[in-house]
Amino acid sequence: MAKTLNALATKGEHGSAMMPIIQGVGRAGVEISYLLRGAVFRDALGAAGGENVQGEQQQKIDLLSDEIFLEEMRSTGYVCAVGSEEQADLQVVDEYADADWIVLVDPLDGSSNLDIDGPVGTIFSIVRRKSRGTTPQESDCLVAGNEVVAAGYVLYGPSTMLVCSVGEGVDGFTWNPNSARFELSHANMRIPASGGYYSVNESNADRWLGGVGESLQRMKTETGLGMRYVGSMVADMHRTLLKGGVFLYPADETNRTGKLRLLYEAIPMAFLIAQAGGKSMTSADTSVLDVQPEALHQRVPVYLGSSSAVDSLLG
Ligand code: AHM
Ligand code: MG
């Protein structure tokens, strides 16, 4: 009998408390995967006409995915609020405003890839709210990565996968349409210590700040790594986790503090990479997991991957 998401219930300090929420993430993932498959027929692709809080064009499907995710979190009964890349403010779940858990989410990361039927993903993390009993505030979810309780992503590729950690290793589950379950397909994922690929938008190299261009050249010579870049963080991180190497998005002249969001993208991926035995840095001497968040939509540079490749890059 295949193991399902329930296998996480016996893991980590809070595995069983996380189960209803992770099951909710799984339901949202399945709904979003169906939405993606039918999107072209439902006129759900293309711009929604608005911008998110970061001034980026929102696609209709970003907003639909955001709604689906929020509703699934509401239905768990254990989530007091959801912070989303698509929403300027924290979304309070009024019926359960005294619940313990806050979920942070990028509901549909890499959605610019949908024009070419490329892979996209949902990225999430779960934190315990800082205050108790009152209506949760933004300050409740400004929790550093080393206090995250669970994190993961759903990858919408040729198959739909949910990769997750509750603080005791990383496990990958693949949606089996025949059994209508996520089944454990990649138990105890470990990032290879060496080999793999480097993954970066190298067209920005001339604009990178802090000498990253020279560091990358040195790392390429030292490690001999080849390059792969989808431009969809979940796909790029999934490859990095399975094959090794390093994914980076440095600060540049346009994105002076980096492009990727600390709470919705950097921390969840850093948590997974650390749990898989890799390294998750925001600079040569600071782990992403040690950055104290100051705002919901804060951005940071990221260098995530095999220790050897990250050390070679930042050393
Ligand atoms: P999004 O949240 O607006 O989709 O942006 C995040 C995406 C990531 O998936 C990806 O790693 C990055 O943007 C790619 O950026 P670029 O196109 O600048 O290389
Ligand atoms: Mg994103």
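Asp-117 is placed in the loop between β5 and β6 (120–128), where helices (H or I, at least four residues) and strands (E, at least two) are DSSP runs numbered from the N terminus. The structure is a predicted model, in which local features need pLDDT of at least 70, side-chain atom pairs count only at pLDDT 80 or more, and totals for chains, interfaces and linings use all residues. Residues are numbered from 1 along each chain as its sequence is written, chains are lettered from A and ligands numbered from 1 in the order in which they are written, and side-chain values use heavy atoms, with hydrogens and water left out.

With a relative accessible area of 73%, Asp-117 is exposed; buried means under 20% relative accessible area, exposed over 50%, and partly exposed in between (1.4 Å probe, protein chains only). The phi of Asp-117 is positive, near 55°, in a residue other than glycine. Most residues other than glycine have a negative phi. A phi near 55° is also found for Asp-43, a residue of the loop between α1 (15–38) and β1 (47–51). Asp-43 counts as exposed, at 56% relative accessibility.

Around ligand 1 there are 17 residues, of which Asp-109, Gly-110, Tyr-229, Met-233 and Tyr-249 come nearest; a residue is near a molecule if one of its heavy atoms lies within 4 Å of it. The side chain of Tyr-229 places an N or O atom 2.5 Å from an oxygen atom of ligand 1. For the side chain of Glu-85, the corresponding distance to an oxygen atom of ligand 1 is 2.8 Å. Met-233 contributes a backbone N or O atom, 2.7 Å from an oxygen atom of ligand 1. Taken alone, ligand 1 exposes 470 Å², and the protein buries 82% of that; accessible areas come from the Shrake-Rupley method with a 1.4 Å probe. Two or more residues of the shell around ligand 1 are given by each of β5 (101–109) and β13 (245–249).

Val-230 lies in the loop between β12 (226–227) and α4 (233–243). This residue is partly exposed, with a relative accessible area of 33%. Val-230 touches Asn-113, Pro-119, Ala-235, Asp-236 and Arg-239, not counting residues up to four places away in sequence, contact meaning heavy atoms within 4.5 Å. The C-alpha atoms of Val-230 and Asn-201 are separated by 9.0 Å, although the two residues are 29 residues apart along the chain. Helix α4 itself contains His-238, which counts as buried at 9% relative accessibility. Beyond four places in sequence, His-238 touches Tyr-153, Leu-155, Met-161, Val-163 and Met-189.

Asp-62 belongs to helix α2 (residues 60–76). Although buried, Asp-62 has no salt bridge, and the nearest side chain of opposite charge, that of Arg-261, is 9.4 Å away. A salt bridge is a side-chain nitrogen of Lys or Arg within 4 Å of a carboxyl oxygen of Asp or Glu; Lys and Arg count as positive and Asp and Glu as negative, while His and the chain ends are not counted. The side chain of Asp-62 does make a polar contact with the side chain of Ser-111, at 2.9 Å. Such a contact is a pair of N or O atoms within 3.5 Å; within protein, one must be able to donate a hydrogen and the other to accept it, and residues adjacent in sequence count only if both atoms are side-chain atoms.

Helix α5 (residues 262–275) is largely enclosed by the rest of the structure, because twelve of its 14 residues are buried. The buried residues of α5 include Leu-262, Tyr-264, Glu-265, Pro-268 and Phe-271. Gly-277, with a positive phi near 90°, follows α5.
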